[in-house]
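Have the viewer open as you read, and pick out each residue as it comes up.

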Amino acid sequence: MTKKKLQAIACWLAVMIVGFVLINALVYVGVIDAFIENMLVTIGINIILATGLNLIIGFSGQFSLGHAGFMAVGAYATGIILQAMPTTVGFFVSIVVGIAIAIVVAIIIGIPTLRLSGDYLAIATMGAAEIIRVVINNMKVTNGAAGLFNIPQFATWPVVYIFVCLTTAVIVNFAHSRAGRAIQAIRDDEIAAEAVGINPTKWKLAAFVLGASTAAVAGSLHASYIQTIAPTDFGIMNSIAMLIIVVLGGVGSMTGTFFAAVVLGVLDTVLQSFGTLRMVIYAVALIVIMVFKPTGLLGRYEFSFARVLDRFRKKKEDAA
Amino acid sequence: MTTLLKVDHVSKIFGGLKAVEDVSMHVETGELVALIGPNGAGKTTLFNALTGVSPATEGTVAFRVGDEMVSLDKKKPYQVAKMGIARTFQNIRLFHQLSVRENLQAAMTHRYKEGFVSSILRLPAFAKQEALANKWTDEILAKLDLTDVADVITANLPYGTQRRIEIARAVATDPQLIFLDEPAAGMNPEETADLAHLIKRLQTEFGLTVVLIEHDMSLVMSLAERIYVLEHGKLIAEGTPSEIQHNDAVINAYLGGGVHA
Amino acid sequence: MHTVLQQVINGLSLGSIYALLALGYTMVYGIIKLINFAHGDIYMLGAFWGYYVINTYHVDFIVALLSAMIVTALAGMIIEYLAYRPLRNSPRITALITAIGVSYFLENGMSYLFGANTRNFPQVVKQHNFTALGISISNIQVLILVTALILMILLQLIIQKTKMGTAMRAVAVDQEAAALVGINPDHVISFTFGLGSALAGAAGVLIGLYYNSIDPLMGMTPGIKAFVAAVVGGIGSVPGAAVGGFLIGLLETGVQAIGLSAYKDAAVYVVLILILIVLPAGLLGKNVKEKV
């Protein structure tokens, strides 16, 4: 690997560690209270969900509206397993089980539906997620419509923070590899992609499955942080909320997804005091941003340490 | 010489319309063959049938892999591409949001492997494979004079360059046979001359077998070693450029049809 | 046999509501390729308008229905003008998010202004049940079916016989070409929104009569179901939307009748996915293959 790339990786690791230390310090001195911590965890979980969805929509060009279904799979895996095994080991086992089930479900849903294009795919995946929800709603082990409560809390903010870093690294590294180029080629022109030897079904499915498994992780974290889950937490409106983050940030921009998740998380917290008017303001904000910034807040911009380092080096050379 | 591609009695029927009717042809290894015919003669339809985009209704197509002729019937386009047949499109189809380099590397997807784990953990194996893909890409870019624009998003490049990138992308699949669907369409005489030179190089320098669909007769006559003529979906003539130029059926098809060669 | 027929009648009544809503989805989609997520909320507006005029001015059913159609048509056209028209040339997903924003705005704006509680819709038409051969059908069901059918026939006449209808079909096929022959796409799109919204407004008043209760979130679920109906029928196809609407209505009541009401939504989506797998463009939609 080139020196430049290693430096960029080192920068990212440094950012992650500094962020962690910084939040820890702020919690310690009391700047971050339970209220803000709750906001940070929600933002973190939304980042995990939305980066995975952005991989599916922005990179592979497949319009999926069923992300909440996979989140439900992870949440219920954790909720159920933690009842039988209320230990840290149980928590991690439940995450793995959630991922495994999400992969199987994503393959079952993806093989027939990923042949559909555009809005047809959106509506089919939305339907599939609703089917998952109805099934959960009618199962005994999931406690039906009442849901599960008193789930032990293992997903504290440091755990969520680490998972945000992990899943983002997985998604971004996937997007910037052979696989990432293949799915972007399919997005830009499926016929041409096939003509250069790319198997569209295989690669679309790969992106879909990866996105689904990170959504399951987010579901597990959600279940063990909030400690209560019910089928209504994973409806169409929840899938749409994730879609909003992706589009607001800029389809295809992971930086944008982070930015939008933070902006929306803060906005939501600030608007808490407005009562019923909260959602009206939120709706107007959404419409206004879309009308004036149709490609999202950041468009297709992607922050890259490699580029920043390049510029830095050039300046140094110019100065020398 | 050995036969690289063998087309036997291929027909393509859309509803009641026979777009291609009972076409048989062969392409020898290392040849530069042209397929010509008036507009709507079924040339692109035939290309699509051969590359699996829209499979033939009847007939068989076989392609040489090593010492064997392997049937291409029922093969999907990506399988055909992996076997060593590349193509370009009449209406350029680039991955327009990707850079030139990424376009070429996407076309190499089947040529190297990056495991999921080594990609997401950025293991040394990943770096090695990326370096390999970059090396291949750099070679092609240098040979096709695209190094300067390597990191430019293809949508932002001029038309003539986009045509060249499409050919470069086809080369990146490491093919034996390359189909070029009207590569000179929309080009001025100067660009066409450059293109002719490039197509010749595909044959000589890259060692590729070339099948060319083209309307520009001077280009075809100067490049092709052998020409097939298609009219109303049927093959009406086959031969060297000079034979074709003097073939009555061909002259009739072009002049009688009101299309100026 | 009796129960089957009974369910068919119930299914058709519900289905005609879905069909009226699905028509709006399909027309808007056909012309600007937008999934108008706020369409279900237009239907809610229609129901609230009906509630308001009947309670305040004591008008009869016909006046309530027609005035609701006019009001929702205007609402649809205003929404199109303010929220969607600026995004005509933006990525389609942006317009979709805007439509979701409009939907949130209508739902929460109405909750804010009038409260989120459920209200009883005034019974402007007294319910009578006719019983024949052991099948019971209410005058309201007849009213719904007849009104829906009349509106669908009118719509078909507008689309096929009027100049505006021809313009709508032209813009749906090729907006630029239509503009070149002197059609103003903005007017046509605005008209389409008005027409679709009027149908949704009518459906709102009808459902108020049928179910007797209305609330600001009443448009969410039927909106999504109606969209599913439009997709099943073949989105962009007007007859397809009607067929899809009736089909979904019959399916829901059928599944409920055999005692699986907990699975009625799942059944709808299973049918949706199966139909899309077999017919990727829906029952009556045209499957357009990309030319290479």
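C:Lys33 sits in the loop between α1 and α2 (39–57) of chain C. Please keep in mind that this is a predicted model. Although C:Lys33 is a residue other than glycine, its phi is positive, near 55 degrees. C:Asn212 is not a glycine either, and its phi is also positive, at about 75 degrees. You will find C:Asn212 in the loop between α8 (185–211) and β4 (213–214) of chain C.

Are these two residues buried, partly exposed or exposed?

| Residue | Relative accessible area | Class |
|---|---|---|
| C:Lys33 | 37% | partly exposed |
| C:Asn212 | 31% | partly exposed |
| A:Ala8 | 9% | buried |

A:Ala8 counts as buried because its relative accessible area of 9% falls under the 20% cut-off. A:Leu148, in turn, is 140 residues from A:Ala8 in sequence and 43 Å from it in space, C-alpha to C-alpha.

Now for the nonpolar interior. In soluble globular proteins, nonpolar side chains tend to be buried together. The largest nonpolar core here has 186 residues, and those touching the most other members are A:Leu221, A:Leu243, A:Ile244, C:Tyr84 and C:Val228. Helix α1 (residues 2–32) of chain C gives this core its largest share, 14 residues. Another core, of 65 residues, lies apart from it and includes A:Ala193, B:Leu146, B:Ala196 and B:Val210.

Neighbours within four places in sequence aside, A:Leu243 contacts A:Leu53, A:Ile57, A:Phe63 and A:Leu65, together with C:Ile93, C:Leu96 and C:Ile97.

Finally, step back to chain C as a whole. Chain C contains 11 helices and four strands. Its radius of gyration is 19 Å, close to the 19 Å that the globule rule gives for 292 residues, so chain C is as compact as a globular protein of that length. The C-alpha trace of chain C spans about 60 × 45 × 35 Å along its principal axes. Of the 292 residues in chain C, 57% count as buried. The chain exposes about 12500 Å², with carbon and sulfur atoms supplying 67% of that area. Chain C carries 14 positive and 11 negative charges, whose mean positions are 7 Å apart.

Note on methods
Residues numbered from 1 in each chain as written. Chains lettered and ligands numbered in written order. Predicted model: local features only at pLDDT ≥ 70, side-chain atom pairs only at ≥ 80, totals over all residues. Heavy atoms only, no water. Helix = DSSP H or I, 4+ residues; strand = E, 2+ residues; numbered from the N terminus. Rg over C-alpha atoms; globule rule 2.2 N^0.38 Å. Buried < 20%, exposed > 50% of the residue type's maximum accessible area, 1.4 Å probe, protein only. Areas by Shrake-Rupley, 256 points an atom, 1.4 Å probe, with all protein chains shown as cover. Lys, Arg positive; Asp, Glu negative; His and termini not counted. Charge placed at Lys NZ, Arg CZ, Asp CG, Glu CD. Core = buried A, V, L, I, M, F, W, Y, C linked by side-chain atoms within 4.5 Å. Contact = heavy atoms within 4.5 Å.
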